[in-house]
Amino acid sequence: MTVKTRFAPSPTGFLHIGGVRTALFSWLYARHHGGQFVLRIEDTDRERSTQASIDAILDGMHWLGLDWDEGPVYQTQRFDRYREQADRLLADGAAYHCYCSTDELDAMRAAQVAAGQNPRYDGRCRERTEPVTGVSPVVRFRTPMEGEVVIDDAVRGRVVYANADLDDLVIMRGDGSPTYHFSVVVDDADMQITHVIRGDDHLNNTARQVHIIAALGHKRPAYAHLPMILGEDGARLSKRHGAVNVLEYRDNGYLPDAVLNYLVRLGWSHGDQEIFTRDEMIELFRLEDVNPSASRFSPEKLTWLNQQYIIASPAADLIDGLAAQYRRMDIDMTNGPPLVDVVETYRERATTLAEMAESSVYVFQDFAEIDANAARKHLRGVVRAPLADVRAALAALDPFTADAIQAAIQSVADACELGFGKLGQPLRVAVTGGGVSPPIDVTLALIGRERCLARIDAALEFIDRRIAAAGD
RNA sequence: GCUCCCUUCGUCUAGCGGUUAGGACGCGGCCCUCUCAAGGCUGAAACACGAGUUCGAUUCUCGUAGGGAGCGCCA
């Protein structure tokens, strides 16, 4: 039997980082076995499902390159099927109509909790034969009251539940729509899902679902319940932990492969290896290597990985993302160097494409003012003359390349009996407006001769003003 | 409260009865160096606790503690 997995998010919000990890593991498992991966949108809750969420999920999956072979399947388009299956259970006596009102159920649970009991449906409609007029009933599944259910989970091992601890859950709402527990079971069976890989918040649900599967006469799939991803503080991942929406990572200049690589190492490992290409992940992924304990999300490590990917990626693969960042910053890229050159010179000092764009703005745009600290430290009277000499040398240079620039600065430094840095740093401040940049030669080459000369002139004027002020 | 799950450096993890408990992120130091990075070397840092099983437990079993999940006409 060929492996078939699915990712089944509910479109009630953006695509969550934890959801992505679940999707990734399901996808990897299917790809590893040369099987199929299905995307199913669990939108049975029409109150909370939105088209915007569906779009966000699809966008996120596309951005990450998690492709599916079937779907997206929308559960709202399969209501007839659920109804038909529910009718079957009703006819078999495996399910029954329940006429209890929400108020009645709330009161029942409140009483149970007050009495120190486990809140659960007490089965009061189990044997009812007469309908209640004016009430459109829900359908409840008749869960066995004795015996136990055993689940052999691929990551948890054997888990046993006493049926007596389970209650009769609603499978069809009063309005005729299915609930989650029912639609998953029907869909997984209809789609012939062989492996259900999902978050371990569903582990307890599995016991209930397994009974429905049996009542429907289906074979149950293999289960693998993945540990949760918690926030840095160990609490459940939520908005207050910063970006939990994957698309925010795209917008902040993270690379999809880096995000996937980070996520695959949360709960899964292959010896000491930290960096995996997609092909390696697919080749090496095994459910046996999934760790059962929850893990915390570490933005620092993601950032480190992202930088590793920025360093290792072909420059051509990064320019679209970098351009997007410049566009966000309203920077005109037309009168600057090719973006591949920018990538090559900044890749080792940027952890994200956003950071790369921010730290290279002066390549495309003049800065408003020189950083005060850098200016005070490096644009002093003593460097006036050497700086003017460098300016003259640069003006005469042909071609204006990093090597030639390097040689020119070196010879001026030698002539003035200055160390390279004593001249390089003032030059850096003059040309970039700050004390930090890539090596001065490639920086100047990237900025271009005209801009460099104009900025050096401005710096010389700055020094002159400073000397004049000090002289008064 | 009840049921289920989890527990190795701060974090992610390796380990699958005998190891100086390894790697990675982060942190400190040194080297490299025109700044910043990147890179190299290096340091500090962990088996939650208590009983068993065993010649021997980080590893197996059971408790305890701590954390998490579920207990909806949400998924």
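I take two strands as paired if DSSP finds at least two bridges between them. The model I examined is predicted.

**Entry 1: strand pairing**

I looked up the pairing of strand E5 (residues 138-141) with E8 and found it antiparallel, over 2 bridges. For valine 139 I noted a bridge partner in E8, methionine 172. I then traced the sheet, which is open and is formed by 3 strands in the order E4-E5-E8, with antiparallel pairing. Strand E4 (95-98) and strand E8 (170-172) are its edge strands, each pairing on one side only. From one strand to the next I recorded an average twist of 45°.

**Entry 2: surroundings of RNA strand B**

Sorted by class, the surface near RNA strand B comprises 22 charged, 21 polar and 20 nonpolar residues. Helix H10 (residues 299-312) gives the most to this surface, namely 6 residues.

**Entry 3: contacts with the RNA**

I asked which part of RNA strand B lies within 4 Å of the protein: 68% of these atoms belong to sugar or phosphate, and the rest to bases. I then looked up backbone contacts to the bases. For serine 437, I found a backbone N or O atom 2.3 Å from a base nitrogen of RNA strand B. For glycine 174, a backbone N or O atom lies 3.0 Å from a base oxygen of the RNA strand B. For isoleucine 440, I noted a polar backbone atom 3.3 Å from a base nitrogen of RNA strand B.

Note on methods
Residues are numbered from 1 along each chain as its sequence is written. Chains are lettered from A and ligands numbered from 1 in the order in which they are written. This is a predicted model: local features need pLDDT of at least 70, side-chain atom pairs count only at pLDDT 80 or more; totals for chains, interfaces and linings use all residues. Side-chain values use heavy atoms; hydrogens and water are left out. A residue is near a molecule or strand if one of its heavy atoms lies within 4 Å of it. A polar contact is a pair of N or O atoms within 3.5 Å; within protein, one must be able to donate a hydrogen and the other to accept it, and residues adjacent in sequence count only if both atoms are side-chain atoms. Helices (H or I, at least four residues) and strands (E, at least two) are DSSP runs, numbered from the N terminus. Ala, Val, Leu, Ile, Met, Phe, Trp, Tyr, Cys and Pro count as nonpolar, Asp, Glu, Lys and Arg as charged, and the others, Gly among them, as polar. Axes are lines fitted to C-alpha atoms, for helices over the stretch in contact, and angles run from 0 to 180 degrees between N-to-C directions.
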